[in-house]
Amino acid sequence: MRIKKQILLLLLICKLIHAQDNPVLDSLLQVLKTKKEDTSKVNLLISITELCYEDQIKDYALPAIRLSKKLNYISGEAKAYGNLGFYYTNSGNKDSAEYCFRRSISVFLNENNYVGAGEGYNNLGYLLQRINFSQNSNICFDSSVYFFTL
C-alpha cells in the first residue's frame, strides 16, 4: 500500500512539474549540447527522460541506451530501458513496453540491483494491469515487493 501511495505522489509531482515551465529541464537540455560521450551524458539523458513531456521520452531514452551499450554502462542501460517502456506504455505499444520492462529487469538482476529490478517489476505489473492481465500483474507486483525488501 505504501508503494502505491509513493507512486501516486510521484505521478502527481510529475504532473505539477509539467503544468508550468520547467527551468531545470531547460538547463539540462543546454548542458546536453556540450556533454562528452561518457556515463555522465547517459545519466543526463535519463534525467531528461524523467522531466520531459511523455511524447519526448523516446528521443532521449534511445540515445541513452545506445551510449550505455557503447560504454558498457549497465545501470544506465537498465534505467533507460525502463523509461522507454514507460513511453511505449503511454503511446499504446504494449509489446514494445513489455520488452523494455523485461529487458530493464534482466539487466538490473544481472547487476544485482534489486531496487531497480523491483521498480521494473512494478512497471511491468502496471502495464499488465492496463491490458487486463490481472493475474500476471499481481505476480509482478508481488515480485516488486519481494525485490524492494531484499
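Me: Which residues does Asn83 touch, leaving aside its neighbours within four places in sequence?

Reply: Contact means heavy atoms within 4.5 Å. On that basis, Asn83 is in contact with Ile46, Thr49, Glu50 and Ile57. Note that this is a predicted model: local features need pLDDT of at least 70, side-chain atom pairs count only at pLDDT 80 or more, and totals for chains, interfaces and linings use all residues. Residues are numbered from 1 along each chain as its sequence is written, and side-chain values use heavy atoms, with hydrogens and water left out.

Me: Is Asn83 buried or exposed?

Reply: Buried means under 20% relative accessible area, exposed over 50%, partly exposed in between (1.4 Å probe, protein chains only). Asn83 has 15%, so it is buried. It sits in helix H5, residues 74–91. Across the chain, buried residues make up 37% of the 150 residues.

Me: How many helices and strands are there?

Reply: Both are DSSP runs: helices are H or I, at least four residues; strands are E, at least two; numbering is from the N terminus. Here there are eight helices and zero strands.

Me: Where do the buried residues of H2 point?

Reply: An α-helix has 3.6 residues a turn, so residues three or four places apart point the same way. In H2 (residues 23–32), Leu25, Leu28 and Leu32 are buried. Seen down the axis, the buried residues fall within an arc of 60°, so they line one face of H2. The arc is taken from the directions from the helix axis to the C-beta atoms. These residues pack against H3 (39–51) and H4 (57–71).

Me: What happens at the start of H2?

Reply: A side-chain oxygen of Asn22 reaches to within 3.1 Å of the backbone nitrogen of Val24.

Me: Is Asp59 buried or exposed?

Reply: Asp59, in helix H4, is exposed, with a relative accessible area of 51%. Its C-alpha is 9.4 Å from that of Leu84, 25 residues apart along the chain.

Me: Which residues form the nonpolar patch on the surface?

Reply: Patches take residues with over 30% relative accessible area and no salt bridge; like charges are joined within 9 Å, nonpolar side chains (Val, Leu, Ile, Met, Phe, Trp, Tyr) within 5 Å. A salt bridge is a Lys or Arg side-chain nitrogen within 4 Å of an Asp or Glu carboxyl oxygen. Here the members are Tyr114, Tyr146 and Leu150, with about 320 Å² of accessible area together (Shrake-Rupley, 1.4 Å probe; for residues, only the protein chains shown count as cover). Tyr146, in H8 (residues 134–148), is partly exposed at 48%.

Definitions and conventions:
Polar contact = N/O pair within 3.5 Å; in protein donor to acceptor, adjacent residues only side chain to side chain.
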